[in-house]
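Subject: Structure handover and findings

Hello,

Please find the structure below, handed over for your own work. My notes on what was found come after it.

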Amino acid sequence: MTAASHTSPDSPPTPSPPSPPVIAILADEPTDDLRRKDGGSAQDAHGGDRDDDVARGLAGVDPLVVRPRRSAVAVCVVLAVMLIAAAGGVWWMAVRTAEGQAFEDMVWQYLPSTVFDPLRVAALPFARSLTVIALTVAMGSVAVIVAIVRRRWRLVGQVVALAALCYAATWLKPVLPRPMLIHTVSRQANSAPSGHTMMAAAAAMVLLIAVPRAWRAVTAVVAVAVSCAVGLSVMVQQWHRPVDVVMSILLAAAMALIVLAFTRRSGMDAPGDRASSPSIQIVGSVLVTAGFMAVVYGAYVVWQIFPGLGISAQWTRSGAVAASQILVCGSASLACGIVLVMRQIVACPLTRLGVIGAPPAPPSR
């Protein structure tokens, strides 16, 4: 007698074991041995419905493969607008008010003789235009070569677009005149933004965007150092005033964020190389926090000496010189830190696994 003859017709059917979960991460076609949840054959009468379910659900490409998260793009745009607004605000305070012109004139006169010695040594090699131009060309060329070697063709376009936007920002010089509200010793010809600082900051941002994940933290530190060195050198050489330098750094970072908002496909990291980066988390947090605190402290110093700026009081000189150096270095740290963090976010969007694809669901029993 067979085993089937001992089975009561009223007994419930033996439940079939659950099918193993199928994870379709980057699959373009459904697998041939995929079985329906109800235990039916892959060739049953409902095969068409099964194929549609697979195509819509399991075999669809993860959208994070081809684009960043929409929230990351929105944050890039918002931060870019904030940096542009900050650049316009500091320009207005320094150029369109008598106290601001007095502050900058003090820095222009007394910074060369009272600058912090380590900063003077760091800025000395960048006191020549030829050095700044050569450094800019070198960093920009390395960025393009790295993007081409990595075969990130959209990234090459982003690098070129960032360079073009930063170059266009230098056209603000004739549009932003410097009216003479008070008698100043400094010359009125050269105004914001600083072309040398813009070139150096833009080249540093371009390199930061182009390098792979392992080099982003180191490149961000280099970008801060280069931006500070060039910015302080043009102030020590009396080529530019503090607002010219700060405005250039903020605009370069804003242009970089606008370019990052258009990151897609080959402008991102390869799906298999995406992972979180402790070095970027640490360096980005330090740069953003230190930069923000430096900017706040520099603004506090300016607020403390503000009553004496209107009469160009002698006791405000040391405060003005110190505040200008703090604001330049703080702006560079804050700007490069923001670009570093947002570059990682748009280039390497992570799911719950830290890679492409959702984690497998556990069996019901």
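This is a predicted model: local features need pLDDT of at least 70, side-chain atom pairs count only at pLDDT 80 or more; totals for chains, interfaces and linings use all residues.

Residues are numbered from 1 along each chain as its sequence is written, and side-chain values use heavy atoms, with hydrogens and water left out.

Overall make-up

The protein chain has 12 helices and zero strands; both are DSSP runs numbered from the N terminus (helices H or I, at least four residues; strands E, at least two). Of its 365 residues, 44% count as buried, where buried is under 20% relative accessible area, exposed is over 50% and partly exposed is in between (1.4 Å probe, protein chains only). Contact means heavy atoms within 4.5 Å. Of the contacts in the protein chain with a separation of 6 or more, 85% are between residues 24 or more positions apart.

Second largest pocket

A pocket here is an open set of points on a 1 Å grid over the protein atoms alone, where a 1.4 Å probe fits, with protein on both sides within 12 Å along at least five of seven lines; lining residues have an atom within 4 Å of a point. Grid points are joined across faces, edges and corners, and the volume is the space filled by probe spheres set on the points.

The second largest pocket has a volume of about 710 Å³. It is lined by 28 residues, and those closest to its centre are Ala 86, Val 90, Val 246, Val 295 and Leu 327. Two or more lining residues come from each of α2 (70-95), α3 (98-114), α10 (242-260), α11 (278-309) and α12 (317-347). The most come from α2, with eight residues. By class, the lining has 21 nonpolar, five polar and two charged residues. Ala, Val, Leu, Ile, Met, Phe, Trp, Tyr, Cys and Pro count as nonpolar, Asp, Glu, Lys and Arg as charged, and the others, Gly among them, as polar.

α3 and α12

These two helices pack at an angle of about 85 degrees, with their axes 8 Å apart. That makes α3 roughly perpendicular to α12. The α3 side of the contact includes Phe 103 and Tyr 110, and the α12 side includes Arg 317 and Gln 325. By class, the contact has eight nonpolar, three polar and one charged residues.

For the terms: axes are lines fitted to C-alpha atoms, for helices over the stretch in contact, and angles run from 0 to 180 degrees between N-to-C directions. Angles under 35 degrees count as roughly parallel, over 145 as roughly antiparallel, 65 to 115 as roughly perpendicular and the rest as oblique.

Single residues

Val 132 is in helix α5 (residues 129-149) and is buried, at a relative accessible area of 1%. Beyond four places in sequence, Val 132 is in contact with Phe 126, His 196, Met 199 and Val 230.

Ser 277 sits in the loop between α10 and α11 and counts as buried at 6% relative accessibility. Not counting residues up to four places away in sequence, Ser 277 touches Arg 213 and Gln 344.

Most residues other than glycine have a negative phi. Arg 151, in the loop between α5 and α6, has a positive phi of about 60 degrees and counts as exposed at 62% relative accessibility.

Regards
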